[in-house]
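Please find below my remarks on the model under review.

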Amino acid sequence: HRLRFVVAPLRFNGRGTFDQPVSFANADFAPGASTRGKYKFDTYRVSYRYLFLNRNAWQIRAGATLLVRDARIELEQGGVTASDSDFGFVPLVNLSAEWAFAERWTAIFDFEGLAGGPGRALDLALTARYDLTRNWHIGAGYRTLEGGVDSDSVYNFSWVNYGFLTLGARF
């Protein structure tokens, strides 16, 4: 059995123009005018994973995650600023596979996600981990996040790809 805690801040800032009028958070934004945007989707996760295969160099786990999201989108154009924020809880299923392919080295596949109703959340990561000691490890990897919601009050989907570094401790 394994309990896991993850803090995953995700923030983007950018500037661009719209090619058509946009209505967002009770404000109107004109096409062709310089617009600043901020996107925040910080998540905090606690997961429980059950080890159901532990054979040779392979470990495979399955479990559940509770994701806490702290999201905010903000647009600013001229003197007009509008923002929309959301704080909520999302249950996810999780799967992971670890392959110890060399001494102190492990390849890790991680998936957390759930789809249904008006939205979905999919998080897929591939990581190479190096064990510094029995309790400490570092790693690097690639992650793709996709998801959003389409309801009467909100439409927001995103797909983000990025590299990351990890530092971990085992207790």
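The points below start with the basis of the model.

1. The model is predicted: local features need pLDDT of at least 70, side-chain atom pairs count only at pLDDT 80 or more, and totals for chains, interfaces and linings use all residues. Residues are numbered from 1 along each chain as its sequence is written, and side-chain values use heavy atoms, without hydrogens and water.

2. Strands are DSSP runs of E, at least two residues long, numbered from the N terminus; two of them pair if DSSP finds at least two bridges between them. S7 (residues 80-102) and S8 (residues 105-116) are antiparallel, with eight bridges, and glutamate 98 has isoleucine 108 in S8 as its bridge partner. Two residues separate S7 and S8 in their hairpin, where arginine 104 in the turn has a positive phi of about 75°.

3. S8 also pairs with S9 (residues 119-131), in the antiparallel sense over 12 bridges. Threonine 106 has arginine 129 in S9 as its bridge partner. In this hairpin, again with two residues between the strands, glycine 117 takes a positive phi near 60°.

4. Phe24, Ala27, Phe29, Leu75 and Ala82 make up the largest nonpolar core, that is, buried Ala, Val, Leu, Ile, Met, Phe, Trp, Tyr and Cys residues joined through side-chain atoms within 4.5 Å. Buried means under 20% relative accessible area, exposed over 50%, and partly exposed in between (1.4 Å probe, protein chains only).

5. Leucine 66 is found in S6 (residues 58-77). This residue counts as partly exposed because its relative accessibility is 37%.

Conventions. Helix = DSSP H or I, 4+ residues; strand = E, 2+ residues; numbered from the N terminus.
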